[in-house]
Amino acid sequence: MKGAAVIRTTMLAATLVLAAAGTTRAQDSPSPKTTSTPLKVQIVLSRYEGDRKVASMPYTLLVNAGERDNRVTLRMGVALPLPGAGKDGATAFQDVGTNMDCAATIADGGRYRINLSVNHSSVYESDQSHLQAAVPRPGATAQLIRSFTSSFVLNLKDGETGQSIAATDPVTGEIMKIDVTVHVVK
C-alpha cells in the first residue's frame with residue numbers, strides 16, 4: 001500500500017509541475033498590444049466683449065488615446081467665503097474656478113475623438129464691466145458667482161484646432177468661447 005501511495009503522490013506532483021509549466025507558457029506568450037497614442041490637448045477658455053478679447057485662460061492636459069482608462073481630470077480654484085450664507089448664519093464656502101474632464105480615443109482617418117467636459121465659475125462684481133478670472137476679494141460688495149458648464153466631443157487631427165462652444169452671458173453680454181487643439185506627443 002505504501003508503494004501505491006508513493007505512486008499517487010508522484011503522479012500528483014508530476015501533474016502539478018505540468019500544470020505550472022502550462023501556466024508559465026501562457027504567461028510568457030505575448031499579449032495582444034493595445035495601440036496608445038500620447039496627446040497634448042490644449043484648451044483655451046476665452047471671454048470677449050464684442051470682438052475684443054478680455055480674458056484668455058489656457059490649460060494643457062496630457063491624454064493617452066486608445067488606453068481603456070484614460071480620463072484626465074483638472075480641478076483648479078479657490079473656496080470663496082460667503083459670510084452668513086450657511087446654517088444659522090455661519091460662513092459657507094463656494095468653490096470658484098475651473099474643472100475639466102478629458103478623454104481621447106483613436107478615430108478613423110487619422111483623427112482623435114476628444115471628449116471634454118468643462119465647468120468654469122468666476123466672480124462678477126457689479127461695479128466692474130468685466131469678469132474677474134483672479135481670486136475674488138473677500139468683503140467686496142455685490143459679488144455674483146457666474147457659472148459656465150459644457151460637455152462636447154470634437155474629432156481633430158494632429159495639430160488641428162476646433163472651436164466647440166461660443167455662448168453669450170445673459171447678464172453682461174460677454175461671449176465665452178472654448179478652443180481645443182490636439183498635438184501628438186512624439
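This is a predicted model: local features need pLDDT of at least 70, side-chain atom pairs count only at pLDDT 80 or more; totals for chains, interfaces and linings use all residues.
R146 is part of strand 7, which covers residues 143–157. Its relative accessibility comes out at 16%, so R146 counts as buried, the cut-off for that label being under 20%.

Next comes the sheet. Strands in a sheet pair up through backbone hydrogen bonds, and they can do this in a parallel or an antiparallel way. Here, four strands build an open sheet in the order 2-1-9-8, and the pairing is antiparallel. The edges belong to strand 2 (52–65) and strand 8 (161–168); each has just a single partner strand, so one side of each is left without a neighbour in the sheet. Going from one strand to the next, the twist averages 15°. Strand 1 (residues 37–49) and strand 9 (residues 175–184) run antiparallel and are joined by 10 bridges. Within this part of the sheet, K40 sits opposite H183 of strand 9.

Then there is the nonpolar core. The largest one holds 26 residues, and I43, L45, I114 and V180 have the most contacts inside it. Strands 1, 2, 3 (72–82), 4 (92–106), 5 (111–125), 7 and 9 each give two or more residues to this core. Strand 2 supplies the largest share, with five residues.

What does I43 touch, leaving aside its neighbours within four places in sequence? The list includes M57, P58, Y59 and L61, along with M100 and L116. I43 is also in contact with I178, D179 and V180, and V180 is itself one of the residues with the most contacts inside the core.

Notes: Residues are numbered from 1 along each chain as its sequence is written. Side-chain values use heavy atoms; hydrogens and water are left out. Two strands pair if DSSP finds at least two bridges between them. Axes are lines fitted to C-alpha atoms, for helices over the stretch in contact, and angles run from 0 to 180 degrees between N-to-C directions. Buried means under 20% relative accessible area, exposed over 50%, partly exposed in between (1.4 Å probe, protein chains only). A nonpolar core is a set of buried Ala, Val, Leu, Ile, Met, Phe, Trp, Tyr and Cys residues joined through side-chain atoms within 4.5 Å. Contact means heavy atoms within 4.5 Å.
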